[in-house]
Amino acid sequence: GDDEAAQVIELVSATVETDPNLLLLLTIRSDSFAQLQGHSRLSGIPRLPFDLAALPAAAFKEVIEGPTRIHGSSIAIDPELTEQLIEDFTDADALPLLAFTLERLVLDHGADGRLEKGEYLEQMKGVGGAIRMAVEAGFAAAAELPGLPHARAELDALAKRSFVPWLVRIDEVAAAPKRRIALRRQLPPEALPLMDCLVDQRLLVT
């Protein structure tokens, strides 16, 4: 929230100001870096940005299969599923989408201790199916909450008022949607319970 962000900024600036020889190492997402650059409290502190490259595609096999080798793991992954996942996840948002999909696979199909390619393609219908299932679960939970509309069309309209313009911006030149970071207080108050249901499904992050 706003209070937590202010506390972090104050802590960082006060810490660096106490010792000019201090080196402070921070990580920050690229879509939040502009806020760091423009903050008046940090303007006098020299910054040395380091560009952390995206994970190479060759490392995705270990990302997918590595956790299954951890002591105590009870899940095995079909090698054909690993190959399919590597083929499907190639864009800039690959890692969070991959983590989301693997979590859904474990929850929905991991009871027998093995994840199969067929479970991903035929039953889950790929990453798109995983997202659709989470959306439906989030909206179904919201429809049961007091104070929210039960009709799906009304819930859709409520979600749209939250996403545009607060969470999604439409690039007028490229005509493409771009995600935004919104403060909770900026969203329509009546939509907050719905947003919380989408957070519970890991479709939104707070």
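A crossing of two helices is called left-handed if the near helix is turned anticlockwise from the far one by less than a right angle, and right-handed if clockwise. Keep in mind that this is a predicted model.

**Exercise 1.** Work out how α7 and α9 are oriented to each other, which hand their crossing has, and which residues meet.

*Solution.* 
- Step 1: Find helix α7 at residues 126-143 and helix α9 at residues 192-200; their axes come within 8 Å and cross at roughly 140°.
- Step 2: Angles over 145 degrees would count as roughly antiparallel.
- Step 3: Now for the hand: α7 and α9 make a right-handed crossing.
- Step 4: Look at who touches whom. From α7 come Gly138, Phe139, Ala141 and Ala142, and they meet Leu194, Cys197 and Leu198 of α9.
- Step 5: Sort the residues of this contact and you get 6 nonpolar, 1 polar and no charged.

**Exercise 2.** Describe the second largest pocket: how much space lies in it, and which helix gives the largest share of its lining?

*Solution.* 
- Step 1: The second largest pocket holds about 220 Å³ of space.
- Step 2: It has 14 lining residues, and those closest to its centre are Ile64, Pro67, Leu102, Glu103 and Val106.
- Step 3: Helices α3 (60-65) and α5 (94-109) each give the lining at least two residues. The largest share belongs to α5, with 6 residues.
- Step 4: By type, the lining of this pocket splits into 11 nonpolar, 2 polar and 1 charged.

Conventions
Residues are numbered from 1 along each chain as its sequence is written. This is a predicted model: local features need pLDDT of at least 70, side-chain atom pairs count only at pLDDT 80 or more; totals for chains, interfaces and linings use all residues. Side-chain values use heavy atoms; hydrogens and water are left out. Axes are lines fitted to C-alpha atoms, for helices over the stretch in contact, and angles run from 0 to 180 degrees between N-to-C directions. Helices (H or I, at least four residues) and strands (E, at least two) are DSSP runs, numbered from the N terminus. Angles under 35 degrees count as roughly parallel, over 145 as roughly antiparallel, 65 to 115 as roughly perpendicular and the rest as oblique. Contact means heavy atoms within 4.5 Å. Ala, Val, Leu, Ile, Met, Phe, Trp, Tyr, Cys and Pro count as nonpolar, Asp, Glu, Lys and Arg as charged, and the others, Gly among them, as polar. On a 1 Å grid over the protein atoms alone, a cavity is a set of points where a 1.4 Å probe fits but cannot get out, and a pocket is an open set with protein on both sides within 12 Å along at least five of seven lines; lining residues have an atom within 4 Å of a point. Grid points are joined across faces, edges and corners, and a volume is the space filled by probe spheres set on the points.
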